[in-house]
Amino acid sequence: MYQLYDPIKNVQTPVLFFTGKGGVGKTSVACATAVSLADQGKKVLLVSTDPASNLQDVFGIELTGDPIEVPNVKNLFASNIDPEEAASAYREKTVGPYRDKLPESVVNQMEEQLSGACTVEIAAFDEFSHLLADDHILTQYDHVLFDTAPTGHTLRLLSLPTAWNGYLEESTHGASCLGPLSGLGDKKDLYQKAVQALSDYEKTTLILVARPEESTLVEANRASMELRDIGIQNQMMIINGLLQSHVPTDAVSKAFYESQQASLKQIPESLQQMETLSLPYISYSLTGVDSLRQLVSDHPYIKKEGISNEIELNQLSELNDVIDDFSSRNTRVIFTMGKGGVGKTSVASAIAVGLSERGHKVHLTTTDPASHLDYIFKNSAIDENLSISSINPETEVETYKKEIITAAGELSEGELSYLKEDLESPCTEEIAVFRAFADVVSRSENEIVVIDTAPTGHTLLLLDSSEAYHKEMNRSTGNIPENVKELLPRLRNPEETGVVIVTLAEETPVFESTRLQEDLKRAQIVPKWWVINRSLYATGTNDPILKARSSSEKQWIKKIEESLAEQTALIPWTSEVKIGLTTKAYI
């Protein structure tokens, strides 16, 4: 068992960065750390640049970009920088000078180039660079805590000389995220100083936050290696939400505990060498200073009195209802979408099997490792109506990169370095994989095609507009195959295509899914279903901690049903993937 995290003992540097997959509890861990340090007489500044941050809810105060003192915690100051707002201002600063000077279609394309996640991250980095590179801040505070961290990709991109010269304005190579850096020309020195501060072993600690789940541990390992590569060596990991014991007579409790332990045995080797601590799985909500203090106290497990949840929920659909709906409508293309780790592949597999068992000819395609599909279909006879393929993202990305680099023609060494780093963006994988999906769909006119992921609305708009505006812009996101161009209108046709958003009944996954839906609606695609996966509320567990935790899901289930989803289905948490009608297609 891992030693419990104690900020007083474990924090050794003045600057702390908390990073990890969405929904792992970065904000809660950062807040608890900040309160603990402040209680010891340290003057602390806590800054969030996370678009999903709930700092205001945690402390019960209104926050802006200017630090204010947190009530009931002497020495603690907090600010909440809204990266979406920062990105909007950054976008306008970059695009504004061209309004009324260039055709509207060109301005629209420029805005779309600056609408992706890359712009949000760079705008956020622009905001906290001022804090990180300001020596006055570190003389004013004993500790500065950031509840998110930039990716290695962004930091590498900013460190390339080509990012700071006129190459961006002149290039026509069509890089996947071309644009976000074009308004930064006067900030090179500031950013270099910020990156140096991040790499200073005595100044900065990177705290990787993960849950005892395979997907979050894989993400922590990826972030760790990526940031080590650019010199951020001082790292530690916190396993958050570790169930300390279980009720042997409760099947859900036993399975939950054993599932976590099995995931911990699969921790990547490089993470095993790192200092690793834990925080317990708790039954109470981490809002309010008292709860934060309790989390990192000597008695973190105690269930707080007075917690009740009187929210009444309607009877929700099951996954079988989703399958019945697509079956009766004879929907031809079905996408499951959502952030990593919510169970898209499992839901897509269950939908594909359910449709095949209803007599439809179905093709399931996935970007997940084939071993995952092998596990899902282990000991299950695959219906003769079902065929399966697996797309290798690495192969598709390498093919796409070669095409873009070849199309760019002769480049200087610096320009080539910039282009290669730009093509490390997540957007590149999204576009490359989507092209491969388009190939599958175009070959499957006589089958229902179920796809376990899909591009964001931002990428769809880029693929669409870059071709439409090519002549005016002299810029394109690579050569777009005909089958990709044909697929875009199909995705917008609700009679032909169904989109399922897969999420969890937790704040961050719901927030991220909401952003995803808004993104899709910009591209004129309206999701048909929201599927709430792995719900403890739906299990009826009697484990005291899990039961109390399941109660907290109700507010998010209600929000999804009442204000976000056209139709909602609920899937209970289970330790195993179960496929087919005989098990109600539960995941």
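At 70% relative accessibility, Asn72 counts as exposed, where exposed means over 50% relative accessible area, buried under 20% and partly exposed in between (1.4 Å probe, protein chains only). This is a predicted model, in which local features need pLDDT of at least 70 and side-chain atom pairs count only at pLDDT 80 or more, while totals for chains, interfaces and linings use all residues. Residues are numbered from 1 along each chain as its sequence is written, and side-chain values use heavy atoms, with hydrogens and water left out.

Asn72 is placed in the loop between β3 (68–69) and β4 (76–80); helices (H or I, at least four residues) and strands (E, at least two) are DSSP runs numbered from the N terminus. The phi of Asn72 is near 70°, a positive value in a residue other than glycine. Most residues other than glycine have a negative phi. A positive phi, near 65°, is also found for Gln524, again a residue other than glycine. Gln524 belongs to the loop between α24 and β14 and is exposed, with a relative accessible area of 55%.

The helix α24 (residues 507–522) also takes part in a helix pair: its axis and that of α25 (residues 544–564) come within 10 Å and cross at roughly 15°, the axes being lines fitted to C-alpha atoms over the stretch in contact, with angles running from 0 to 180 degrees between N-to-C directions. That angle makes α24 roughly parallel to α25, since angles under 35 degrees count as roughly parallel, over 145 as roughly antiparallel, 65 to 115 as roughly perpendicular and the rest as oblique. The contact (heavy atoms within 4.5 Å) involves Glu507, Val510, Thr514 and Gln517 of α24, together with Trp556, Ile560 and Leu564 of α25. By class, the contact of α24 with α25 has four nonpolar, two polar and one charged residues, where Ala, Val, Leu, Ile, Met, Phe, Trp, Tyr, Cys and Pro count as nonpolar, Asp, Glu, Lys and Arg as charged, and the others, Gly among them, as polar.

In another pair, the axes of α18 (residues 393–408) and α19 (residues 413–422) come within 11 Å and cross at roughly 150°, and the two helices are therefore roughly antiparallel to each other. Ile404, Ile405 and Ala408 of α18 meet Leu416, Leu419 and Lys420 of α19 in this contact, which by class has five nonpolar, no polar and one charged residues.

The structure holds 13 salt bridges, each a side-chain nitrogen of Lys or Arg within 4 Å of a carboxyl oxygen of Asp or Glu. Three of them are listed here.

| Salt bridge | Closest N and O atoms |
|---|---|
| Asp324 and Arg358 | 2.8 Å |
| Glu566 and Lys528 | 3.6 Å |

Arg222 and Glu226 both lie in helix α11 (residues 214–228), four residues apart, which is about one turn of the helix; Arg222 is partly exposed at 34% relative accessibility, whereas Glu226 is buried at 16%. Asp324, in helix α15 (residues 319–329), and Arg358, in the loop between α16 (344–357) and β10 (362–366), are 34 residues apart and link distant parts of the chain. Asp324 counts as partly exposed at 37% relative accessibility, and Arg358 is likewise partly exposed, with a relative accessible area of 25%.

Glu566 lies in the loop between α25 and β15 (568–572) and Lys528 in the loop between α24 and β14 (529–535), so the pair ties together parts that are 38 residues apart in sequence. Lys528 is buried, with a relative accessible area of 15%. Salt bridges that share partners also join Asp39, Asp290 and Arg293 into one network.
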